[in-house]
Amino acid sequence: MDIKPVKPIHIALFFAVVLLSLALLSLVFPKDGIKITDELELKFLSFQQINEEAPTYANLDSILREARLMDSLSTVVIEQKKDTVKEKTDKPKIDTIRAAANLLRSKIHRIEYPKGKENMLVPFFSQLNSGSTQKSLIRILHYGDSQIEGDRITRFLRNRFQQKFGGSGPGLLPCFNPVGSNTSMKISTVGPWAKHTVMMRSDSIFPRKNYGILGSCARIETTDSIKKGQLNYKISKYSYLSVRHFKWARLFFGQGAGNFKLSVYEKDKLLLQDVVDGSGSLNYFGLQLEHTPEDLTYEVEGDSLPCFYALSLDQPTGIAIDNIGWRGSRGAEFYKIQTSVLKRFFKELNVKMIIFQFGVNVVPLITNNYGFYERQLIRQLTHLKDAAGEIPILVVGVSDMARKENGWYASYPNIEKIRNAQRNAAFKSNCAFWDMYKAMGGKNSMPAWVFAQPPLAQKDFTHFNFNGAKIIAQMLYNAIMYEVNNKQSESQTAEKTEAASENQAQSL
């Protein structure tokens, strides 16, 4: 059989027909493409898109190196000895401290303040510098979206602060099994428990705004005349050592109609049994433990059980940092919690600072103007401040998020607009602001975190993994501790200046 050779003109005509067919198809093909599966999408690229260069990702080497360096330097600055030493040996120490402070000032991603309000965090810093944590327990509440869920970011902050200022224990925990597993404590329930959260639609049966400090509560909901259930808390093997020691347990509850029986167990051993008054809007049952139980169970029983808001596991002194994650939240649900309830919780728990971290759930909503979101945040922050009084609030800005475009992962185009709306809302509400987007590298930084070895973020290009959460938490810790040291230095300088002025006046 003879095979005729293909003429070059025929090859050229074939490619011309194919290219012409594709060109005609591109005119009618949907601009947004056709989605085949979650991972596969058909899309035509324009000539401009084809010629686009790959996006430039953040240089993580320098970011991570600076984060770790700042941690070591902040330790040098903050933990300098206060003892008097000889003049000839004192000078090198001062030079080292000054050099470290200068480097911290130039490299660290600083906390920002509204104009004229640069001292708004001083009351909190004063608590740390005065040694108050050696006499009592002070708290930091860390509210956030799924970026902090499962105790991510918070667990590292808690560990560092407790290492520095004392205290231990996981802090406030919900009275139901959370959606995302908590890496510090395993929580489980037995019985017909129903959870109610600010993230759920209003329930005609559940009283409006009847949520506690966690924005949630749990109730036994059954038609049985006697209601009964258990709450179990077990230390996770993934927890920091500082979480594994607590001797002060407080169960918060309210909105009950009468008394109920409460039994507390360590595994199968009964530690305590009592009849407790469940009436009133907010009550708590405190228990001093002789040692830390690895497995702690609360059993409640009665004909009219209250709402159970939270269990706190702490030490009587030091610092506690609570992880309060609301999956899917934009930070717009605080108005659902009564101001009076928040105020009582803040006072009872001795809250001295609030961290407000939201934003990733706003990013998919792409629009030209985020004034609506700014106004929404102002409403929430104002509501919080009405309850918090003088307690300072630190707003943490949105992190970078990326999506796939033309074969490359790149930041959403609206990240900076959302970040700016958050900063504006913070300043208009007299709150401090920390720019996480800038700290992690700015535009196109999330892909760099995902592609790092080992990876520092999840493949959804939205959430940090535990390694990445530790790094970003280190950056936030560095920023806070720099301010603690900076304000302390300013205060000492002011005291020295005042003392010098008094001495000069007396000499005259």
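Phenylalanine 252 stands opposite tyrosine 284 in strand E12. This is a predicted model, in which local features need pLDDT of at least 70, side-chain atom pairs count only at pLDDT 80 or more, and totals for chains, interfaces and linings use all residues. Residues are numbered from 1 along each chain as its sequence is written, and side-chain values use heavy atoms, with hydrogens and water left out. Helices (H or I, at least four residues) and strands (E, at least two) are DSSP runs, numbered from the N terminus. Two strands pair if DSSP finds at least two bridges between them. Buried means under 20% relative accessible area, exposed means over 50%, and partly exposed lies in between (1.4 Å probe, protein chains only).

- Strand E9 covers residues 248-254, and seven of the seven are buried, so the strand is largely enclosed by the rest of the structure.
- In a regular strand, side chains alternate between the two faces of the sheet.
- From E9, Trp248, Arg250, Phe252 and Gly254 point one way, while Ala249, Leu251 and Phe253 point the other way.
- Both groups of E9 residues are buried.
- Six bridges pair E9 with strand E12 (residues 283-288) in the antiparallel sense.
- Seven bridges pair E9 with strand E14 (residues 307-314), again in the antiparallel sense.
- Glycine 254 has cysteine 307 as its bridge partner in E14.

**The five-strand sheet**

- Five strands form an open sheet in the order E5-E8-E13-E10-E11, with antiparallel pairing.
- Its edge strands are E5 (185-190) and E11 (269-277), each of which pairs on one side only.
- Neighbouring strands of this sheet are turned by 15° against each other on average, direction ignored.
- Those angles use axes that are lines fitted to C-alpha atoms, for helices over the stretch in contact, and run from 0 to 180 degrees between N-to-C directions.
- E5 and strand E8 (residues 227-235) run antiparallel and are joined by six bridges.
- Across that pair, lysine 186 stands opposite lysine 234 in E8.

- Strands E18 (residues 402-405) and E19 (residues 408-411) run antiparallel, with four bridges joining them.
- Alanine 402 faces serine 411 of E19.
- The hairpin has two residues between its strands, and asparagine 406 takes a positive phi near 55° there.

**Helix H6**

- H6 has 12 residues, which at 1.5 Å a residue should span 16 Å; its end C-alpha atoms are 16 Å apart, which agrees.
- The expected span of a helix is 1.5 Å times one less than its number of residues.
- H6 is mostly covered, with 10 of its 12 residues buried.
- Among the buried residues of H6 are Arg155, Phe156, Leu157, Arg158 and Phe165.
- Asparagine 159 lies in H6 and is buried, at a relative accessible area of 8%.
- Leaving aside neighbours within four places in sequence, asparagine 159 is in contact (heavy atoms within 4.5 Å) with Tyr240 and Ser242.
- Glycine 166 follows H6 and has a positive phi, near 90°.

**Backbone exceptions in loops**

- Aspartate 151 is not a glycine, yet has a positive phi of about 75°.
- Aspartate 151 sits in the loop between strand E3 (137-144) and helix H6 (154-165).
- Aspartate 151 is buried, with a relative accessible area of 1%.
- Asparagine 350 is not a glycine either, and has a positive phi of about 55°.
- The loop holding asparagine 350 runs between helix H7 (339-349) and strand E16 (351-357).
- Asparagine 350 is partly exposed, with a relative accessible area of 25%.
- Glutamine 453 and proline 454 are joined by a cis peptide bond, with omega about 0°.
- Proline 454 is found in the loop between helix H11 (445-451) and helix H12 (466-507).

**Lysine 385 in helix H8**

- Lysine 385 belongs to helix H8 (residues 371-388).
- Lysine 385 is partly exposed, with a relative accessible area of 21%.
- Residues up to four places away in sequence not counted, lysine 385 touches Ile391, Ile393, Ser429, Asn430 and Cys431.
- Lysine 385 and isoleucine 354 are 31 residues apart in sequence and 9.9 Å apart in space, C-alpha to C-alpha.
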